[in-house]
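Please consult the sequence and the coordinates alongside the text.

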Amino acid sequence: MCKSTKFFVLFDTKMNVMLQNTPKKSSKFTRNHLFKVIYFVILAIAIIYSLPREDQFAFQFAQNKPWRYELLTAPFDFPIYRDTLAIEKDKDSIIQHYIPYYSQNRSMLGKQLADLRNNNLEGIPTTLPTTYLKYVESHLKTIYETGLLSNTSRDSLSKTKKTHIRLVSKKVAVVTDINKLYTRKTAYKYLMSADSTKYDIPLFVKADLSRYLVPNINYDQIKNETALSDALSSINTISGTIQQGERIVDRGEVITGHLFHVLNSFKQESLQRMGSHREENFILLGQSLYVCLLLLIFMWYLELFRNTFYKKKKNLSMLFVLILLYTIGTSLLVRHPIFSIYIIPFCIAPVVIRIFVDARTAFMTHMVIVLLCAIPLQFPYEFIVQQIIAGLIAIYSLKEFSNRSHLLRTTLFVVLTYIVVYMCLELIAGTRLQDITYARLMLYVTNGILLLFTYPIMILIERFFGFISSVTLVELSNSNLPLLKRLSQEAPGTFQHSIQVSNLASEAALQIGADSQLVRTGAMYHDIGKMLDPTYFTENQSGFNPHTLLDYKQSAQTVIRHITEGMKMADKYNLPDAVKQFITTHHGAGKAKYFYISWKNEHPDEPIDDSIFSYPGPNPQTKEQGILMMADSIEAASRSLPEYTEENISEVVDRIINTQIKEGFMDACPLTMREINTIRETFKEKLKIMHHTRVSYPTLNKEETNESSFSRDIIKE
């Protein structure tokens, strides 16, 4: 076992011992809050690490925009730096007119003449007569004293359009026209220009005189680098100075070209005066406090107003992942500005949270994301205003999301909001309509297109974090889906029972503000396990009751088995966890009472194993699960009523709900007594409508019948 593994095993053992020795209340506090502290630390470190800390300046400004701050005066003397483009232009001019240095090697002539004489004595490749030899030596002396330039150097000078060079010989530099210098081609031509009446030209060709034409003019790398560097460093980068206390700019003043250079110079000088390492530490401290403060406020909100939601790790994980992704993405885009920040669809976060959680949490999360992402931006005010207003519109325009067209409508509203707010900010800044940058509008349209990716993102969130959207619930409620279609065919009575329960439960949920679509979908699937043995359930029987062939224990186990079988089917068809929970909780941890009581009546003196007659549970944990338990029992019991009167319906509803409360089935359910009474009255009204009796149509008495018949006969005749 490695050392790190031993450390973690030892650490885990010590933590378990500490938790066992601490009081229960303290242990509970530690377990409930430890993961929140870990999440907070990890998120804060990740965000702070991703934020850029370079080029931090107290003011943000742009050319042709008004100054948004108070009067600015120079806190110290600083130079006004020239425009970068102007400096680059001067550099290009110096490089263009620069005359390069080349050195001339005069010793090359002696070496080539010595080679020529030695080769001529040895007859390599042939022996030239004395007059021929003197002619060649004289012309070589002229060539090397003038200068022989290599073809590479000549091509390089031609590309840079240089016509002159500084030729250095004996520490003296002379500006020379390159056309007056020899190349190997022109030098060879010069050697071969001998008078043909005096010399035999083919003999010169046979002597291969080109071997003695070696360039003696070479580019002087060191001298050129030094001279060019000196020339470039002589460029004046300062166009003036600002004295300490001198007025620079006042609020509302438009930042023109010159003023823009002054402010840039002030920014550059300020950053240079800052101690880089020390300043970065201060920036890091400020960013850390800012990020931690925002995250603490956000978690405090969840603790106070969304405590139930806040207790689940997956819920907090989803919110923190969204915050982290947007913050890191913004920081990366600021460091590497591939495209504008306004192309990022920030409204996806509030839309997703609005769908899975609620509007208030969506707005709070959106605020935290926007305020964190504004840290590295140059113009945070404009960004914050646009994103907050667009986020509000996105949240309020998506009151429900049961159809994909609702997302399209929200996208349209968000794009229009971006455009309107941008136009307003530009007009407030004094920009004329014809001067507005309409390229920004295309960014907003692209942003809206990316916002449509909310739907596939929702699917990923449902898969990884276990949430479920209203669109998914509506799709799951479709009776043409394979599982529900199979239920309607194999257990038609159960299918009709599920429909009636869904109607009862969804109406009750609607009255108390619970998730009516969730409970409707849960009701459609809560009894799917009955498909295994449908005839063992009353609603699917047509005369014969197979329980007559079983004892009470076997019957109880057969009925209870529809819970476990239902879960197996739900897993097979990949139903969401939120829907599967209705299968396990609609009977809670109760008993199959008919068989339990019947067995006790027949065996009054025998001990009984309650687990044989008990459902696996658990009891309802949410309002929706509690509503479904009530609706399921009441709908089943209402079928056994001998007569559907108001008194009978009221009595069965009150009896079942009171019994469930008395036996503790609703202890873990967050339903209040007021909500339970509302549910109670809703069930009564709904059952009266569902089981109303039709009016009996009157029949004609005997005399009227005969008279009518006689009348028809007369008409017929």
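The structure is a predicted model. Helices α16 and α17 pack at an angle of about 150°, and helices α22 and α23 cross at roughly 165°.

**Packing of α16 and α17**

- The axes of α16 (380-397) and α17 (404-428) lie 9 Å apart, at an angle of about 150°.
- Because an angle over 145 degrees counts as roughly antiparallel, α16 is roughly antiparallel to α17.
- The crossing in which α16 passes α17 is right-handed.
- On the α16 side, the contact is made by Y381, E382, V385, Q386, Q387, I389, A390, I393, A394 and S397.
- Their partners in α17 are R409, T410, F413, V414, T417, Y418, V421, Y422 and L425.

**Helix α18**

- Helix α18 comprises 13 residues, 439-451, and spans 19 Å between its first and last C-alpha, close to the 18 Å expected at 1.5 Å a residue.
- Its buried residues include R440, L441, Y444, N447, G448 and L451.
- These residues lie on the same side of α18, because they cover an arc of only 110° around the axis.
- An α-helix has 3.6 residues a turn, so residues three or four places apart point the same way.
- Exposed residues A439, M442 and I449 are carried on the face of α18 turned away from the buried side.
- Among the elements covering the buried residues of α18 are α16 and α17, together with α14 (348-356) and α19 (454-465).

**Helix α21**

- In helix α21 (residues 482-490), the buried residues are L483, L484 and L487.
- They share one side of α21, because their arc around the axis is only 95°.
- P482 and Q489 are exposed, on the face of α21 turned away from its buried side.
- The cover over the buried residues of α21 includes α20 (470-476), α22 and α23.

**Packing of α22 and α23**

- The axes of α22 (residues 492-512) and α23 (residues 516-525) come within 8 Å and cross at roughly 165°.
- This angle makes α22 roughly antiparallel to α23.
- α22 passes α23 in a crossing that is right-handed.
- From α22, the residues that meet α23 are F495, S498, I499, V501, S502, N503, A505, S506, A509 and L510.
- From α23, S516, V519, R520, A523 and M524 take part.

**S498 in α22**

- S498 is located in helix α22 and has 0% relative accessibility, so it counts as buried.
- Apart from neighbours within four places in sequence, S498 contacts L487, A523, M524, H526 and D527.
- One of these contacts, L487, is a buried residue of α21, while A523 and M524 belong to the α23 residues that meet α22.

**Q104 in β3**

- Q104 is found in strand β3 (residues 101-104).
- Its relative accessible area is 9%, so Q104 is buried.
- The C-alpha atoms of Q104 and G147 are separated by 6.9 Å, although the two residues are 43 residues apart along the chain.
- Leaving aside neighbours within four places in sequence, Q104 is in contact with Y144, E145, T146 and G147, with L167, V168 and S169, and with N216 and I217.

Conventions
Residues are numbered from 1 along each chain as its sequence is written. This is a predicted model: local features need pLDDT of at least 70, side-chain atom pairs count only at pLDDT 80 or more; totals for chains, interfaces and linings use all residues. Side-chain values use heavy atoms; hydrogens and water are left out. Helices (H or I, at least four residues) and strands (E, at least two) are DSSP runs, numbered from the N terminus. The expected span of a helix is 1.5 Å times one less than its number of residues. Buried means under 20% relative accessible area, exposed over 50%, partly exposed in between (1.4 Å probe, protein chains only). The arc is that of the directions from the helix axis to the C-beta atoms. Contact means heavy atoms within 4.5 Å. Axes are lines fitted to C-alpha atoms, for helices over the stretch in contact, and angles run from 0 to 180 degrees between N-to-C directions. Angles under 35 degrees count as roughly parallel, over 145 as roughly antiparallel, 65 to 115 as roughly perpendicular and the rest as oblique. A crossing is left-handed if the near helix is turned anticlockwise from the far one by less than a right angle, and right-handed if clockwise.
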